[in-house]
Every structure is written in C-alpha cells, then in structure tokens.
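Please look at the sequence and the structure shown below before reading the report.

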Amino acid sequence: MHELSIAASIVDAVTESAAAYPGARVKEVRLRVGALASVIEDSLQFCWGITVEGTPLEGSKLVVKILPVVSHCAPCGKDGELESLQSFRCPHCGEPATDLRQGRELEIDSIEIDEVEEKV
Amino acid sequence: MTTRIVELRRGILKKNDELAAGLRARYGEAGVLVLNLVSSPGTGKTAFLEFTLRELRARGAKVAALVGDLETDNDARRLAASGAPVRQINTHGICHLDAEMIDKHLAGWEGVTLGGLDYLFIENVGNLVCPSSYDLGEKIRVALLSVTEGEDKPLKYPTLFNSADAAVITKMDIAEPCGFDRELALKNINEIRPGIRIFETSAKTGAGMDEWLGYLAEARGMSLSS
C-alpha cells in the first residue's frame with residue numbers, strides 16, 4: 001500500500017511544474033503506468049482524492065494509462081506484448097522473455113490546465 | 001480562459017531514482033557490493049542474513065547491514081550478534097525502504113564507511129509489493145521465499161520476483177513435513193524470472209549456504225572488475 005506515497009510524489013511534481021503557469025487550474029493529470037510497476041489503479045485513485053485536498057490540485061482528475069509488458073525476443077527477433085504476468089514468455093515463439101522493453105514505467109505523461117488570460 | 005496540455009514526461013519516483021543513482025555511484029567507487037533482500041514477513045530474512053554475516057566474517061570479509069522494520073530494533077540486535085556493524089531503520093508505518101532512508105542512515109554511522117566494506121546488506125521491510133518500486137542503488141536484489149509460503153508465491157507477486165537478480169528459498173530443512181513441492185516452486189520462479197539464479201537454503205543446517213557465499217564472492221569480483 002504505497003499508493004499514498006506515490007500520490008504525494010505526483011502532487012509535488014505537478015505542483016512544481018504548474019508553477020510555471022501562475023493562476024492556472026490543473027484539470028487533469030495523465031499517467032503512464034507499466035503493468036509491472038506495482039501500482040494498483042483503484043488504490044491510487046482513492047489516495048488521489050485524499051492527497052489533493054487543500055492543494056492547488058484539488059478537484060483534478062487522475063487518468064491512468066496502463067502499459068502492457070513488452071519483451072524483445074532474441075531467438076525470434078520479434079517484440080511482443082506478454083499475455084499475462086503469469087508467464088514471461090515470448091508471445092510469438094514461447095521462448096523465455098528476459099529482455100523487457102516496457103512495463104515498469106511510472107511517469108507523469110502530461111497535465112491539462114486552464115490558463116487565466118491576462119487582462120490587457 | 002484557455003485550456004492547454006503541458007507535456008511533463010517525468011518519472012513519478014524521479015527523486016528516489018536520482019538519489020539511488022547517486023548511491024549506486026558511491027557503492028561502485030567504494031568497491032562495496034550492495035544487496036537488497038526482499039520477502040514477505042516471516043520468510044526468514046533475518047536468520048538467513050545472520051548466517052551470511054557470520055560466515056562472511058569468518059572468511060575475512062568486511063560486512064555490514066542496514067535493516068528496515070516499521071518498529072523495534074529486534075532484528076538489528078539479532079544481526080549484531082554476528083559481530084558485524086548493523087543499523088536499524090524504523091520506517092514508522094511506511095511499507096518499504098527508499099533511497100533517502102538509506103542515504104540518511106549511511107551518514108553518521110559510527111565506525112562504518114562504504115570504503116571500509118566488502119559487502120553491505122540491506123534487509124528491506126517484509127513486503128512483497130511496494131519495495132519493488134524503490135531502487136536503493138543496490139547491485140543485486142534478492143527475493144526470498146520460504147517453503148511454508150506456498151509454491152505459487154512468485155505467480156502471486158510477479159512484479160517483485162521479476163525485478164529480482166537472485167532468488168533464495170529458505171527453511172529447506174522443513175520442506176518435507178511442509179509438503180513443499182520443490183520442482184513446482186523452481187518452475188514458478190523460472191516462469192516469472194527466466195534464468196534467475198536460485199539458492200535452496202537452510203540457515204538452521206547451513207544447507208545451500210556454501211553455494212550462496214560462493215555466488216556473493218563471484219558477484220563482488222565481477223562488480224570490481226566491471
């Protein structure tokens with residue numbers, strides 16, 4: 001249950017980046033989370049509501065895009081998405097999948113903000 | 001009012017990852033092999049580590065350990081009986097160790113400098129989920145599993161087992177009365193982390209420990225020459 005620490009890290013990072021847009025309101029925070037990142041989306045959403053309370057991110061929506069695990073198979077030369085996390089094998093030829101190219105991501109992709117237009 | 005999408009593309013655990021990279025560089029310069037031991041509570045990490053510290057010291061190696069728990073310094077006191085310097089990290093409710101905790105506890109550790117060590121062991125908080133996200137700068141992450149936990153543990157916790165560099169099965173001395181299916185456990189570990197080195201050990205009888213200690217010496221030699 002480390003989603004609370006993760007949520008707090010996201011709030012810190014977004015607050016820091018959003019500071020470049022004074023007065024802007026953050027509407028949405030979009031994440032890219034690999035299937036092997038050990039983050040449960042439901043827990044993260046639950047923690048999000050608590051963590052953003054009283055911060056400039058209050059009311060913002062968290063959008064989580066889950067990325068499947070992709071392996072590169074040296075024997076058959078192909079990349080492929082693993083069908084499940086129960087068996088790390090190349091989906092094309094069944095050889096053990098030891099070279100993972102995607103699946104551990106835990107990053108903020110982008111944020112959507114409403115900017116206040118300066119009055120002339 | 002205008003709506004704008006701002007690309008950030010930054011790691012959520014960037015702060016931890018940067019600190020961990022700094023630690024990794026320091027370990028490398030000091031020539032110390034650092035291992036991060038991860039398992040469920042009750043797997044026997046501490047007994048396994050007690051044996052390891054005692055044996056490495058008997059072989060003339062300079063070793064130390066950092067041990068993480070939510071509360072108490074019971075494990076540090078147990079491990080200190082080996083004669084090695086041991087420092088307890090109490091996380092007070094946090095379910096994993098992070099790079100900042102390691103950095104803080106390495107600083108001001110009386111009588112211990114990284115340069116004076118051959119091996120540093122980090123015993124993580126007993127948890128098979130959260131520690132997998134937090135890099136501590138270690139060279140080797142060890143996932144431990146005891147014969148009492150069920151052969152399907154690697155299938156239930158693939159994110160952790162897949163991130164491990166070595167796997168250790170503990171309490172092999174009671175494998176038979178527990179009805180432990182050795183072949184199935186080895187197969188499951190290999191299914192999640194193909195080709196991983198697996199050690200079948202007992203801290204009680206010392207079974208499998210020679211092979212483990214040999215692996216440590218070999219890994220240290222390789223990290224020094226690389």
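**Salt bridges**

The structure is a predicted model, and over all its chains the count comes to 26 salt bridges. Side chains of opposite charge can pair when their charged atoms come close. Three of these pairs are set out in the table, each with its distance from nitrogen to oxygen.

| Residue | Partner | Distance (N to O) |
|---|---|---|
| B:Arg9 | A:Asp109 | 3.0 Å |
| A:Glu115 | B:Arg4 | 2.7 Å |
| B:Arg59 | B:Asp210 | 2.8 Å |

The salt bridge between B:Arg9 and A:Asp109 crosses between chains, running from strand S1 (residues 2–11) of chain B to strand S6 (residues 106–115) of chain A. Because its relative accessible area is 18%, which is under the 20% cut-off, A:Asp109 is buried.

The side chains of A:Glu115 and B:Arg4 also meet in a salt bridge, and since A:Glu115 lies in strand S6 of chain A while B:Arg4 lies in strand S1 of chain B, this pair joins two chains. A:Glu115 counts as buried at 18% relative accessibility, whereas B:Arg4, with a relative accessible area of 37%, is partly exposed.

What does the salt bridge between B:Arg59 and B:Asp210 tie together? With B:Arg59 and B:Asp210 paired in this way, B:Arg59 lies in the loop between helix H2 (45–58) and strand S3 (63–69) of chain B and B:Asp210 in helix H8 (residues 209–225) of chain B, so the pair ties together parts that are 151 residues apart in sequence. B:Arg59 counts as partly exposed at 49% relative accessibility, and B:Asp210 counts as exposed at 57%.

In chain A, a network of salt bridges links A:Arg25, A:Lys27, A:Glu28, A:Arg30, A:Glu112 and A:Asp114.

**Helix H1 of chain B**

Helix H1 of chain B (residues 14–30) has 17 residues, which at 1.5 Å a residue should span 24 Å, and this agrees with the 24 Å between its end C-alpha atoms. Within H1(B), the residues B:Asn16, B:Ala20, B:Leu23 and B:Tyr27 are buried. They cover an arc of only 60° around the axis, which puts them on the same side of H1(B). An α-helix has 3.6 residues a turn, so residues three or four places apart point the same way.

The buried residues of H1(B) pack against strand S2 (33–38), helix H4 (99–106) and strand S5 (119–123) of chain B. On the other side of H1(B), B:Lys15, B:Glu18, B:Gly28 and B:Glu29 are exposed. Just after H1(B), B:Gly31 takes a positive phi of about 70°.

Technical notes. Residues are numbered from 1 along each chain as its sequence is written. Chains are lettered from A and ligands numbered from 1 in the order in which they are written. This is a predicted model: local features need pLDDT of at least 70, side-chain atom pairs count only at pLDDT 80 or more; totals for chains, interfaces and linings use all residues. Side-chain values use heavy atoms; hydrogens and water are left out. A salt bridge is a side-chain nitrogen of Lys or Arg within 4 Å of a carboxyl oxygen of Asp or Glu. Helices (H or I, at least four residues) and strands (E, at least two) are DSSP runs, numbered from the N terminus. Buried means under 20% relative accessible area, exposed over 50%, partly exposed in between (1.4 Å probe, protein chains only). The expected span of a helix is 1.5 Å times one less than its number of residues. The arc is that of the directions from the helix axis to the C-beta atoms. Contact means heavy atoms within 4.5 Å.
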